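Let's take a walk through this protein together. Have the fold in view, and we'll go from the overall layout down to single residues.

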Amino acid sequence: MMNNLFSIFDPSTNLMNIPFNWISTLIGLMFIPLSFWLIPNRHLFFWNFILNKLHMEFKTLIGNINSNGSTFIFISLFSFILFNNFLGLFPYIFTSTSHLNLSLSISLPLWISFMLFGWINNSQHMFSHMIPQGTPNILMPFMVLIETISNIIRPGTLAVRLTANMIAGHLLMTLLSGTGNIIPSYLIIMLIFIQILLLILESAVAIIQSYVFAILSTLYSSEVN
């Protein structure tokens, strides 16, 4: 049962056991150029409204006037994760964000680049971040240790948060759908209703997790300036 349950996250296919399912990661990128060929409509205006709001929020969080254009990195990150989270809700489409291979590949290079930039250009500022203002002298070594550990685990927490949330919802929907053959027929309507509610919840989780990933990455980058 467990093998069948977790097989929905298996990246391999039946074609010579080659992981072609990872190609689904690029499907979301194909939707972006299509908007430039369409007459401006409500969907395009709504998407531009969201991107403008994100741009203003990320710009406020970064708070550095010399970082013009930095918000586009995090807007692109938000769009990429959002597309992949939503595509995973469709049948027979592989959810790439439910694997640490993808989420850690995004968070780890970001974190390493932030750390390199901070320690090379603002080393004194990075040292001052390890000891909060007003810390007693006796607690300073412990605060440095705690802040160092919390800084090191940041890419892992970003990746695990995204992966765990995407896995949890898909597993719950798979478990409930597997009971369709054994429950009485009069409960099928209730099962379909619950599945629809879970699908709506997963749609909200897809938006929230992409926003949380992008906003936390922005906050981490603002600490090195």
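Predicted model: local features only at pLDDT ≥ 70, side-chain atom pairs only at ≥ 80, totals over all residues.

Residues are numbered from 1 along each chain as its sequence is written, and side-chain values use heavy atoms, with hydrogens and water left out.

Now the big picture. The chain has nine helices and zero strands, counting as helices DSSP runs of H or I with at least four residues and as strands runs of E with at least two, numbered from the N terminus. Read in order, that gives α-α-α-α-α-α-α-α-α. Of the 225 residues, 33% are buried; that word means under 20% relative accessible area, while exposed means over 50% and partly exposed is in between, with a 1.4 Å probe and protein chains only. The accessible surface is about 14,300 Å², and 73% of it belongs to carbon and sulfur atoms (Shrake-Rupley method, 1.4 Å probe; for residues, only the protein chains shown count as cover). As for contacts (heavy atoms within 4.5 Å), take those with a separation of 6 or more: 76% of them come from residues 24 or more positions apart.

Next, the inside. The largest nonpolar core has 26 residues, and a core here is a set of buried Ala, Val, Leu, Ile, Met, Phe, Trp, Tyr and Cys residues joined through side-chain atoms within 4.5 Å. Phe58, Leu77, Ile81, Ile106, Phe114 and Phe213 have the most contacts inside this core. Helices H3 (42-62), H4 (70-87), H5 (100-121), H8 (154-177) and H9 (188-222) each supply at least two of the core's residues.

Pick out Ile106, which sits in helix H5. Is Ile106 buried or exposed? With a relative accessible area of 14%, Ile106 counts as buried. Leaving out residues up to four places away in sequence, Ile106 touches Leu77, Phe80, Ile81 and Phe213. Ile106 and Phe213 are 107 residues apart along the chain, yet their C-alpha atoms are separated by 9.9 Å.

The largest cavity holds about 40 Å³ of space, a volume being the space filled by probe spheres set on the points, which are joined across faces, edges and corners. Its lining includes Phe114, Trp111, Arg154 and Tyr220. H5 gives the largest share, four residues.

Finally, look at Ser96, in the loop between H4 and H5. Ser96 is buried, with a relative accessible area of 0%, and beyond its sequence neighbours up to four places away it touches Trp22, Thr25, Asn84 and Leu102. The C-alpha atoms of Ser96 and Thr163 are separated by 9.2 Å. Thr163 belongs to helix H8 and is buried at 7% relative accessible area.

Note on methods: 1 Å grid on protein atoms, 1.4 Å probe; cavity = no way out; pocket = protein on both sides within 12 Å on 5 of 7 lines; lining within 4 Å.
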